[in-house]
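Dear colleague,

Please find below the structure that I am handing over to you. I would be grateful if you could look through it alongside the notes that come after it.

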Amino acid sequence: MDGPAAWKSNNSRTNGGKLLPDYYDDYANHLNSYVQYMRGQGVAIDVTSVQNEPDWHPDYDSMDWSGTELASWACAQGAKVQNTKLLVAEAVNLNYGYTDPALNDACARANVGYIGGHLYGTESAGRLGPYPLAAQYNKPVWMTEWNLHAADGDGAAIWGDPANQAVWNETLDDIMRTVHRSMEANWSAYIWWYGKRFYSFIGDGEAAYGTTAGAPLKRGYAFSQYSKYVRPGYQRIGLTKSTKASPLEITAYAGGGKLTLVILNRSTSAVNNAVIQAPQAITKAEHYLTSQTQSAAGQPTTVSGSTVSVNVAARSISTVVLTL
């Protein structure tokens, strides 16, 4: 969210420009007004970002900040934005230079609830992993934007075909892999941009790209292997993986009386009769799988006491939900 042009050093809502210190208080009131307005409309804003991409100055609404400026603003003004928690700083590649100053300043830290960043370049920069300083101060880390559709070669109409190889390879090997890595890094959220688009979760009906408006796309089914079964409030838990399961990339979650495992098999071989050992007797086991040929399709399971056996298809992402 950005303020009026007159509040910025470049006198424009676009192309970056810094928030003038004389308007720090006005900006706090600006954010607060939005939160309270939405609250009055029955929409509670749980988390409010101080600035989207403070390190990027494009030709749309934007504003530049340094990490020190964000910390100073959060300290002096952050408490004025009420009934929400503040998030800093959504840098393009989770650049710690934009978040460390707020974490290291006790005054700013008291007014910041979440640390956020975008995924663009984060992995190549070595930051697709745990953020020790955020963990030290018990601040959840959110990945708040990523958008990738290189598979279409900047225009190929491939997205409406659920069996397209390039679409599935990018979905599994790039996108779902980074969701898995984000969870292993103890990040608390992974937010994709955007939900309804020809290369996204739901088709937008653009004829040039071959999607049907409102129809779930393969990428949407893949994401649902996390989002449908790992619900808000669930806690990621540890697991031990045997050498027999070496191709599989697995994270596990507990919540709602269930244990949920999300399994990536990016290898070209199936892993059959994979045995999952639960800490107590299993009353029900469900297995859902998305691959190039299946879309969140139910799979058979074999339950015996506290174990369940499943078959994990090659080049797939699947979810096992155990009711204990």
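The notes below cover the pockets and then the disulfide.

Please bear in mind that this is a predicted model.

The largest pocket holds about 870 Å³ of space. It is lined by 28 residues, and those closest to its centre are Met183, Ser188, Ala189, Tyr190 and Val230. At least two lining residues come from each of α6 (165-184), β5 (189-190), α7 (218-227) and β6 (235-237). Of these, α7 gives the most, with 6 residues. Sorted by class, the lining of this pocket comprises 19 nonpolar, 7 polar and 2 charged residues.

The second largest pocket holds about 580 Å³ of space. Its lining consists of 23 residues, with Ser49, Asn52, Glu90, Thr144 and Trp193 the closest to the centre. Two or more lining residues are given by each of α1 (24-40), β1 (47-49), β2 (85-91) and β4 (141-145). By class, 14 residues of this lining are nonpolar, 5 are polar and 4 are charged.

The structure also contains 1 disulfide. The bond joins Cys75 to Cys107, with an S to S distance of 2.0 Å. Cys75 belongs to helix α2 (residues 67-77) and Cys107 to helix α4 (residues 106-110), so the pair ties together parts that lie 32 residues apart in sequence. The disulfide is right-handed, because the torsion about its S-S bond is about 85°. Cys75 is partly exposed, at a relative accessible area of 28%, and Cys107 is also partly exposed, at 34% relative accessibility.

With kind regards

Definitions and conventions: Residues numbered from 1 in each chain as written. Predicted model: local features only at pLDDT ≥ 70, side-chain atom pairs only at ≥ 80, totals over all residues. Heavy atoms only, no water. 1 Å grid on protein atoms, 1.4 Å probe; cavity = no way out; pocket = protein on both sides within 12 Å on 5 of 7 lines; lining within 4 Å. Points joined across faces, edges and corners; volume = space filled by probe spheres on them. Helix = DSSP H or I, 4+ residues; strand = E, 2+ residues; numbered from the N terminus. Nonpolar A, V, L, I, M, F, W, Y, C, P; charged D, E, K, R; others polar. Disulfide = S-S within 2.5 Å. Buried < 20%, exposed > 50% of the residue type's maximum accessible area, 1.4 Å probe, protein only.
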